[in-house]
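Subject: Structure handover

Hello,

Here is the structure for your files. My notes follow below it.

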Amino acid sequence: MSLLIRSYSSFGLSGVGLGLLLCCLSLFHSTDAISAEAGRLVEKDGRYVFVESMDPAMKLLLERAVKQGTITQEEYDGVVRASQERAYLLQPSFRAWYDRGFNLSMNDNAFFLKIRARFATRYTQRYRNDAYRESGDSKNFPELLGVFGDYRANRSIDQSSTFNLRIARLYFMGHLFSPDFRYYIQLAGETAENAQSPGALSVLDMNVTSTHLPWMNVQVGQYKVYFNRSQINSTASMQFASRALVMDAFTASGINRRDVGLTIMNDEEVYPINYYLGVFNGVGPLVNRFAQFNSEEATVGCPGGATGGNPFPSPAGCPTNTRNLNANLRTNVNELMYVARLQANLMGRPGYGEGDLAYSESPQMAVGGGYAYNPSIDTSSNNAFVGIDLANLHVRRSLAALGNGRMLGQGVVDFSTWTLDYVFKYRGFSLQGEYWYRNVTRHNKGLPCMQTAVVGGPCTVFSPQEFGNSTGWTVQSGYYLIPRKVEVAARYAWWDPDTRSGGDLIKQVDVSLNWFLSGTYDHQIMLTYSNIAMGQDGFAIGRSAPLPAVGATFPSGTVPLDSRAGTLIENAVRIQYQIFF
């Protein structure tokens, strides 16, 4: 029988087919014969091979001994059973194989590990207008450099040519105890495209998810916040080399797309309508609210600052400062961010990949919306003491890196952000759109102070207006010229970072040609062209460095950095190669 099975397997007979063959043959074999053919099917080089438990030479000698009467049939069967048990005990207790990553699994399926890596390198050629050289961007993407996070305008010459290790990721994923208890770890070490967040090895994701109850999955740890489509989607399955600027600005927290917290949701693969309810720290990955500080003297109502004297004197009516330069009081450690999302799969399940790589044979359509409330974010610079800026440098740099630099200097603020998104896919065509609106509420009412005429005296000059709200939208579409191989895509994005200011709109146009070498996102080449026009009107509060001396036009309080030379225009070409293995 084993010879017959091996003969069939040489023609590529599947494991199921072999199983049926075994059942049929068993009808014509005696019990003794079956015991002599004990073994198991093994997959080797794409073929299923029947491997007997006993060594073939030993088996042949024992069969001859039975025929010669040297041993009885019962003795032979006992040896076969003992050989089977020995073979089972000696076999490895795990299985290792490669399938879109290195896989390791225990025989009882109590543990499964998949290890993957993703690498993407990018060449970027930029062309910028003279405004970038004259004044640069001091409002949306300012640079906060140095020990104190000195506020700098983002300036550069008109051309730049750079290579980046855009993506360098290592993934560990699988399940523990049972397939319903999953874990996911993602490490990153890659080049940043700006000076705000230079590349370094870090933990992007580390979380566990219970899927025991389909209607109430629970995820806890650090991961992407389930808020809007463009943020949930991975950079591995995008139509463009980068997200649009407006997409990065409207994360749930306004600081980062990832956070530490807990989410309750139902199974996307089971229910047509999906909900997500989450609670998070609200200040980004690998950090909590203890990263934010305030400064306060022992006297109630008197702010903290340097110890006595110039250039940081106490305000009128307050005793000499009794605190040092750095902030010393955490006032918002009892605050959390709350996020909710609802999505309806109206037709099929389009998923979160941007293009229709699957070349859907039936229409796929979904709509979704979300709300996020992130209270007590300290943007600092709303007082006379640079120590506050230093203490909250992480939050301030994160805001500036995402393009929310206009929010700096507004003191403590609350973010309330709404989003709506839509996606449609059919036979290689895709259409996706999103809308965002963010309400920014300042705790310190009134206009931010710009100037104090008399040392220790009242403020005499204020900013022209309070910071407004933010809104934006984007729409993108793509089509596969060659199914699963070659795609063209276009995108338009619009962003108003301050609804109370004019001339500050940011408009972005992107066109991309994508080649998927293996018919999947795992191996691809992207050629993306981007045009960005960034308005520089409106007002943004910054801090100059070095600080002006006492008695100067702007004493030691906050000062504006409001120089501008018209609209900033950038044209960029990005060529990106990605492999996911």
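Are Glu570 and Arg126 buried or exposed? Both are buried (under 20% relative accessible area; exposed is over 50%, partly exposed in between; 1.4 Å probe, protein chains only).

This is a predicted model, where local features need pLDDT of at least 70, side-chain atom pairs count only at pLDDT 80 or more, and totals for chains, interfaces and linings use all residues. Residues are numbered from 1 along each chain as its sequence is written, and side-chain values use heavy atoms, leaving out hydrogens and water.

Overall picture: the protein has ten helices and 26 strands (DSSP runs numbered from the N terminus; helices are H or I with at least four residues, strands E with at least two). Of its 581 residues, 46% are buried.

Now the salt bridges (a side-chain nitrogen of Lys or Arg within 4 Å of a carboxyl oxygen of Asp or Glu). The structure holds ten.

- Glu570 pairs with Arg126, with the closest N and O atoms 3.3 Å apart. Glu570 sits in β26 (568-580) and Arg126 in β5 (111-128), so the bridge ties together parts 444 residues apart in sequence.
- Asp522 bridges to Arg100 at 2.8 Å between the closest N and O atoms. Asp522 is in the β22-β23 loop and Arg100 in the β3-β4 loop, so parts 422 residues apart are tied together. Asp522 is buried at 10%; Arg100 is partly exposed at 44%. Arg100, Arg116 and Asp522 form a salt-bridge network.
- Arg258 pairs with Asp205 at 3.1 Å. Arg258 is in β12 and Asp205 in β10, 53 residues apart.

Best wishes
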